[in-house]
Amino acid sequence: MLLKDIRAIVTEPVVLSPDNPAAEETNTNWFGAPPHERISLSADEVVAAFEEAAVALRRRVTGDGHRGTATFYVWHDTVAGQLRCSAGTRKPSDLPFQVDYRVTEDLRAIVVEFLEDRAPGAIVWGELEPVPFPDDPETEPGLAVWAYDLTPFGR
């Protein structure tokens, strides 16, 4: 179901409205999967589905005549236990998140984090971990977000 749902986003309406960012919230999709489905999927399959969707969305945005900035982006919402994606007229450096985020080229790491979550939307008591100090060099700050440029003809 997850792969089918990801591929289906290209059939949904895409609202690109730089003058009304709230209208672009309708572009947000969220995907969950029960643990048995997560185990049966490979990260490569999920990454391929998102990449196919991104390419199809770029063709669609171009075909619709959009000429401004457009970005498709994917992240793992650990609190909800979901993979989420959206599209809008902001640049990757200005996405509408209320938390700190960092743009990454590693979509696979985001997908692996989602697939390995055996208690989606919850923290298993035995897996509680201390919050790292901000200066911990092994921990990159912010939510990891993969961004794909939908802008026709590049930026």
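Contact is taken here as heavy atoms within 4.5 Å. The structure is a predicted model, in which local features need pLDDT of at least 70 and side-chain atom pairs count only at pLDDT 80 or more, while totals for chains, interfaces and linings use all residues. Residues are numbered from 1 along each chain as its sequence is written, and side-chain values use heavy atoms, with hydrogens and water left out.

The protein contains 4 helices and 5 strands, where helices (H or I, at least four residues) and strands (E, at least two) are DSSP runs numbered from the N terminus. Read from the N terminus on, the order of the elements is α-β-α-α-β-β-β-α-β. Of the contacts with a separation of 6 or more, 76% are between residues 24 or more positions apart. The protein has 155 residues, and 37% of them are buried; buried means under 20% relative accessible area, exposed over 50% and partly exposed in between (1.4 Å probe, protein chains only).

In soluble globular proteins, nonpolar side chains tend to be buried together. A nonpolar core is defined as a set of buried Ala, Val, Leu, Ile, Met, Phe, Trp, Tyr and Cys residues joined through side-chain atoms within 4.5 Å. The largest such core has 31 residues, and those touching the most other members are Phe31, Val46, Phe50, Phe72, Trp146 and Leu150. At least two residues of this core come from each of helix H1 (2-8), helix H3 (43-63), strand S2 (71-77), strand S3 (82-88), helix H4 (107-115) and strand S5 (143-149). The contribution of H3, 9 residues, is the most. With neighbours within four places in sequence set aside, Phe50 contacts Ile6, Phe31, Phe72, Val74, Leu83, Cys85 and Leu107. A second, separate core comprises 6 residues, among them Tyr73, Leu95, Tyr101 and Val145.

Ala147 belongs to strand S5 and is partly exposed, with a relative accessible area of 22%. Beyond its neighbours within four places in sequence, Ala147 is in contact with Thr71, Phe72, Tyr73, Pro92, Val103 and Thr104. The C-alpha atoms of Ala147 and Thr71 are 6.5 Å apart, although the two residues are 76 apart in sequence. Thr71 itself is placed in strand S2 and counts as buried because its relative accessibility is 1%. A polar atom of the Thr71 side chain lies 2.7 Å from the backbone oxygen of Arg90.

Asp19 is found in the loop between H1 and strand S1 (29-31). With a relative accessible area of 78%, Asp19 is exposed. Asp19 and Thr89 are separated by 70 residues in sequence and by 9.3 Å in space, C-alpha to C-alpha.

Pockets were identified on a 1 Å grid over the protein atoms alone, a pocket being an open set of points where a 1.4 Å probe fits, with protein on both sides within 12 Å along at least five of seven lines, and lining residues having an atom within 4 Å of a point. The second largest pocket holds about 240 Å³ of space. Its lining consists of 13 residues, of which Glu25, Thr28, Tyr73, Ser86 and Pro96 are the closest to its centre. S2 and S3 are the elements that give two or more residues to this lining, and S3 gives the most, with 3 residues. By type, the lining of this pocket divides into 6 nonpolar, 4 polar and 3 charged residues.

Conventions. Polar contact = N/O pair within 3.5 Å; in protein donor to acceptor, adjacent residues only side chain to side chain. Points joined across faces, edges and corners; volume = space filled by probe spheres on them. Nonpolar A, V, L, I, M, F, W, Y, C, P; charged D, E, K, R; others polar.
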